[in-house]
Amino acid sequence: PLIDVDDLEEFAVRPAPQGVTIKCRITRDKKGMDRGMYPTYYLHLEREHGKKVFLLAGRKRKKSKTSNYLISIDPTDLSRGGESFIGKLRSNLMGTKFTVYDNGVNPMKTTSSLEASTLRQELAAICYETNVLGFKGPRKMSVIIPGMNMDHERVSIRPRNEHETLLARWQNKNTESVIELHNKTPVWNDDTQSYVLNFHGRVTQASVKNFQIIHDNDPDYIVMQFGRVAEDVFTMDYNYPMCALQAFSIALSSFDSKLACE
């Protein structure tokens, strides 16, 4: 089925259709003075015959105490105040937990009792944990996303305070109306002396950053996968109930996380 991306803003937050894997590619651009520190990441949808359609761009903000990525539907405008700002990814001080927001209003920055619908939604939270081997060996990732209602629409989660956030709900085991996902545990391969996952040809280079996200109830259903195909090129595929903004942000967190990379 041809995936309609005419309205990028709408497409970016729309869950993938059931039964369709949306195949994308992320390129990392390190050119320029400070790009080594602050590369720009571009997400493209892969079409047949090698055609690509631009979806999203993300870049880390410079003067931020914690990692803070702005995500835009315009590859040339990555400003917070721009029309194209669609969401952001922010980490905790340790760089081990991340939250993805849409472009709504931060409840801490508003004094008036705003319309609930203008408050920002939390679209995902990502937690990285070291494993028993410390930094050697596969990481543990937990991804918490809002659940779906009976009409297959995303439940709207708009926290007004710290206790209502996705991370707080997950930590307090209050998982009603949220979905908890994990990375699939790679299997040790004696031939290559490394941990491997089967990406069915979508990933060609071994990397500690490669991962697949699954639900514990159905480990064969890959909600999202991400992996390297060249120095600065990665494939990113996602399925229902994830959307492009969630998947792209999860990928960005894995570039950034102190635990996700050697």
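Colleague: How far apart should the ends of α3 be, at 1.5 Å a residue?
Modeller: Its 13 residues should span 18 Å, and the end C-alpha atoms are 18 Å apart, which agrees. The expected span is 1.5 Å times one less than the number of residues; helices are DSSP runs of H or I with at least four residues, strands are runs of E with at least two, and both are numbered from the N terminus.

Colleague: What is this model based on?
Modeller: It is a predicted model, in which local features need pLDDT of at least 70 and side-chain atom pairs pLDDT 80 or more, while totals for chains, interfaces and linings use all residues. Residues are numbered from 1 along each chain as its sequence is written, and side-chain values use heavy atoms, without hydrogens and water.

Colleague: Is α3 enclosed or open?
Modeller: It is largely enclosed by the rest of the structure, because 13 of its 13 residues are buried (under 20% relative accessible area, 1.4 Å probe, protein chains only).

Colleague: How many aromatic pairs are there?
Modeller: There are six, counting Phe, Tyr and Trp (six-membered) rings with centres within 6.5 Å. One of them joins F98 and Y128 edge-to-face (planes over 60 degrees apart), at 6.0 Å centre to centre and 85° between the planes.

Colleague: Why does that pair matter for F98 and Y128 as parts of the chain?
Modeller: F98 lies in strand β6 and Y128 in strand β7, so the pair ties together parts 30 residues apart in sequence. Both F98 and Y128 are buried.

Colleague: Which aromatic cluster is there?
Modeller: Y41, F211, F226, F234 and F255 form one.

Conventions:
Phe/Tyr/Trp six-rings, centres within 6.5 Å; stacked < 30°, edge-to-face > 60°. Buried < 20%, exposed > 50% of the residue type's maximum accessible area, 1.4 Å probe, protein only.
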